[in-house]
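Thanks for coming, everyone. Please bring up the structure and keep it in view while I talk.

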Amino acid sequence: AAAGAERPGPAAIALLGPAPGAPSCPHGPALLFVKTSHGKEEGRRFYACSACRDRKDCNFFQWEDEKVSETRLAAREEYNRNHQPFFTHRQNMDRYKNFFLLPLSKRRFCQECQQLLLPAEWEKHSDHQLLCDITTAQLKSPSQLLYPLENKKTNAQYLFADRSCRFLLNLLIDLGFRRVLSVGTPRLHEMIQSKASQEEEFSVKSLLLDIDFRYSQFYTEDEFCHYNMFNHHFFGGEAARETCRKFLHEDNGERVIMVTDPPFGGLVEALASSFKKLMAMWRETEKEGHDNREMPVFWIFPYFFESRILDFFPSFSMMDYQVDYDNHALYKHGKTGRRQSPVRIFTNLTPSMIVLPEEEGYRFCTICQRYVSSGNQHCEICNSCTSKDGRRWKHCALCKKCVKPSWFHCNNCNCCTLQKHSCEKTDIGCFVCGKAGHKRSACPSL
């Protein structure tokens, strides 16, 4: 049901957000949605899973005004219990300690169950594909041991390439940050943990918040919290929430930054709601002056979501740095045109502070006071470096803005678009508010 929230049409599904007393599915409290047409609610409001936009992954659905019988409530609670991890976080830590003490020849990992195995469990997994002789280095690099979860709409576990991960960590160190709240960034967390264990002088700490509970096999309760970033739900309850709060409040909340890399198919408004709650958690520190400040944030997301992110966080700006991923066929650095990575860093830090590597072609624009890609030329009319995708954009006098180099002005559509397109001039406005001049995805009423 939630999948319709991003699709334009004669009717659209709008997210109303978290609601007090919302029913829960295995992914935590559900979100409230409503069907809209031309800005007006049509039909009944309903609850759907916060994390899964495909009903095949989680088919939870309930009308807001529906009276659910005791029998169905009991069945739902049992279903939710049965879909929780077999081991608790603490049990996984006890298992890890025992596993670590085993000789190399007895360290086995079940690839089918994605689980570290103790010798007493081998027989149960005898017909499964196993990895043997698991080294300490492999235990310290769980993102390379575990299979990435690649459902684009639910987990979309695309992992930072080494180039991007090292750049981010070096940038954070240069900016003076000593604590990183890693929300859905297991590879960055892993690199920080690895360096901390190997280098005595390394003073950066990380707390990983992630919906992938498999990481509880490798990290303590002070290093990992099972968390759903779409509904701000800590599966570990108040204890996990307190772990996060303490982490943010260390050193009176100074020198901490949140770095997040959400699934690109996720609802921006749901993510923004959760991030604002994490930022509010940081603001609760007793240090004076936090009321008027925002916790520093790096939100890593495709550039074509810029307007949506700025709707929720007007203080953010987009950097030109191309973030690339190990296990994504398209999101690679160095490719050209539409094959280059569209993923960027959105941040509330002053743009001039974000130094991008000149050896990769980035340069500093003295007028914009920020680093830009080599193909991003300053437009004197717009008075900014206008390119979003790394290519040199051109200014259209009729549109009064810079557009992609492959676009041409269509007098019939009265805007710049691809040369081969079907003119669809129509009086029908936005499907949300009914006004002309913008599409549903950019509607300010959302």
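This is a predicted model: local features need pLDDT of at least 70, side-chain atom pairs count only at pLDDT 80 or more; totals for chains, interfaces and linings use all residues.

Start with helix 5 and helix 6. Helix 5 covers residues 162-174, and helix 6 covers residues 186-198. How do they pack? The angle is about 65 degrees, and the axes lie 10 Å apart. The crossing of helix 5 and helix 6 is right-handed. Now look at who makes the contact. From helix 5, we have D162, C165, R166, L168, L169 and L172. From helix 6, we have R187, L188, M191, I192 and K195. Sort the residues of this contact by type, and you get 7 nonpolar and 4 charged, with no polar ones.

Next pair: helix 7 and helix 8. Helix 7 is residues 237-249, and helix 8 is residues 268-283. Their axes come within 8 Å and cross at roughly 60 degrees. That angle makes helix 7 oblique to helix 8. The crossing of helix 7 and helix 8 is right-handed. Which residues meet here? On the helix 7 side, they are R241, C244, R245, L248 and H249. On the helix 8 side, they are L278, M281 and W282. The contact of helix 7 with helix 8 splits into 5 nonpolar residues, 1 polar and 2 charged.

Stay in that part of the chain for a moment. Find F312. It sits in helix 9, residues 306-312. What does F312 touch, once we leave out residues up to four places away in sequence? The list is V268, E269, A272 and K276. Take E269 from that list. F312 and E269 are 43 residues apart along the chain, yet their C-alpha atoms are separated by 7.7 Å.

Last stop: the second largest pocket. Its volume is about 670 Å³. How many residues line it? There are 27, and the closest to the pocket centre are Q84, P85, F86, F213 and R214. The lining of the second largest pocket divides into 11 nonpolar, 11 polar and 5 charged residues.

Quick recap before we stop. Helix 5 and helix 6 cross in a right-handed way. Helix 7 and helix 8 also have a right-handed crossing. F312, in helix 9, touches V268 and K276, among others. And the second largest pocket has 27 lining residues. That's my tour.

Definitions and conventions
Residues are numbered from 1 along each chain as its sequence is written. Side-chain values use heavy atoms; hydrogens and water are left out. Axes are lines fitted to C-alpha atoms, for helices over the stretch in contact, and angles run from 0 to 180 degrees between N-to-C directions. Helices (H or I, at least four residues) and strands (E, at least two) are DSSP runs, numbered from the N terminus. Angles under 35 degrees count as roughly parallel, over 145 as roughly antiparallel, 65 to 115 as roughly perpendicular and the rest as oblique. A crossing is left-handed if the near helix is turned anticlockwise from the far one by less than a right angle, and right-handed if clockwise. Contact means heavy atoms within 4.5 Å. Ala, Val, Leu, Ile, Met, Phe, Trp, Tyr, Cys and Pro count as nonpolar, Asp, Glu, Lys and Arg as charged, and the others, Gly among them, as polar. On a 1 Å grid over the protein atoms alone, a cavity is a set of points where a 1.4 Å probe fits but cannot get out, and a pocket is an open set with protein on both sides within 12 Å along at least five of seven lines; lining residues have an atom within 4 Å of a point. Grid points are joined across faces, edges and corners, and a volume is the space filled by probe spheres set on the points.
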